Amino acid sequence: MYKLIVKKVFPGVINQAENEEEKEVVIYGLEVMLSSMVNLAAMLLIGYVSNNLIGTVIYLICFCTIRIMAGGYHANTYLACFLCSIISYSFIIGINPYITEKYNMILIILAAISYIITLGLAPILNGKRTFSTEEIQKAKKKVRFILTTELFVTIGLYQINYKLYKFAIFAIITEGVIEIMGKIKYSDINKKDLLKKMMKISMGAALLSGWLPSFATFHEPEMPQALKDKLEK
């Protein structure tokens, strides 16, 4: 849907690209920008209608800042992403009036758990591309810095205004939940990487057994014809 809108609304921008491959990249970038703006606008509207506009702004700043580096769950479609965002934030707005200061300790415990989860799991990679070990370590450092900054911001907000403080806490808790969901969803990606590595090791062992007079076992099964052909090439 967004792709069609982008092509209709921004043909001038897209045509600035030098070739078809570059056009696809531009279209993708516009899609991401448009979908993000729609989600943010919808959440701000919910905040405005519920008289929680400032709290919503604080929530979005805290959540988006850590989300960018920590990653987490991503829906498979723009519509699913939009619905997840709206439903989850509507739930937060719905329970917000009932979370008074007497429940602050519960909030702190949930936030602390989410804080630890995010520190431990981030960044959650979604398999779009392969990240180097160095990139992952840099992301982890940025996540630690952002979470530490948000911790001080949250403490400061608690001293100023409990209602606004809650939205910063909600953001941290939300990210913790999304980290867990992302870990569950993308565990198959990690499993595939592991299986691929095992496959390569198995191939290496097979080739090694073919090159050497005898492998380090007391019994070697009959060599498959495909391996014989590979060794004879």
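Residues 53-70 run as 100% helix and 0% strand, with 25 Å between the end C-alpha atoms. Helices here are DSSP runs of H or I with at least four residues, strands are runs of E with at least two, and both are numbered from the N terminus. This is a predicted model, where local features need pLDDT of at least 70, side-chain atom pairs count only at pLDDT 80 or more, and totals for chains, interfaces and linings use all residues. Residues are numbered from 1 along each chain as its sequence is written, and side-chain values use heavy atoms, with hydrogens and water left out.

**Annotated spans**

- The unreviewed UniProt entry lists residues 53-70, 77-99, 105-125 and 145-161 under "transmembrane region". Those positions follow the numbering used here, feature names are shortened, and annotations may be inferred rather than shown by experiment.
- Residues 77-99 come out at 78% helix and 0% strand, and their end C-alpha atoms sit 33 Å apart.

**Nonpolar cores**

- The largest nonpolar core has 26 residues, and M43, Y59, Y89, L107, F167, I169 and F170 touch the most other members. Such a core is a set of buried Ala, Val, Leu, Ile, Met, Phe, Trp, Tyr and Cys residues joined through side-chain atoms within 4.5 Å.
- Two or more residues of this core come from each of α3 (20-49), α4 (53-70), α5 (78-95), α6 (104-121) and α8 (162-185). Helix α8 gives the largest share, 10 residues.
- There's also a second, separate core of seven residues, with A70, Y115, I146 and L147 among them.
- Setting aside residues up to four places away in sequence, F167 touches N52, G55, T56, Y59, Y89, I93 and N96. Contact here means heavy atoms within 4.5 Å.

**Aromatic pairs**

- The structure holds six aromatic pairs. Rings of Phe, Tyr and Trp (its six-membered ring) pair if their centres lie within 6.5 Å; planes under 30 degrees apart count as stacked, over 60 as edge-to-face and the rest as tilted.
- Y59 and F63 have ring centres 5.8 Å apart and planes at 10°, so they're a stacked pair. They are four residues apart in helix α4, about one helical turn.
- Y59 and F63 are both buried, meaning under 20% relative accessible area with a 1.4 Å probe and protein chains only, while exposed is over 50% and partly exposed falls in between.
- Y162 and Y165 make a tilted pair, 5.4 Å centre to centre with 35° between the planes. Both belong to helix α8, three residues apart, or about one turn, and both are buried.
- Y59, F63 and Y89 are joined into a cluster by ring pairs.

**Around T154**

- T154 sits in helix α7 (residues 133-160) and is buried, at 4% relative accessible area.
- Beyond its neighbours within four places in sequence, T154 is in contact with Y165, A168, I169 and I172.

**Cysteines**

- A disulfide is a covalent bond between the sulfur atoms of two cysteines. The cut-off used is a pair of cysteine sulfur atoms within 2.5 Å, and the structure holds zero of them.
- For C64, the closest cysteine sulfur is in C62 at 9.7 Å, too far for a bond. C64 is partly exposed, with 27% relative accessible area.
- For C81, the closest cysteine sulfur is in C84 at 7.1 Å, again too far for a bond. C81 is partly exposed, with 29% relative accessible area.
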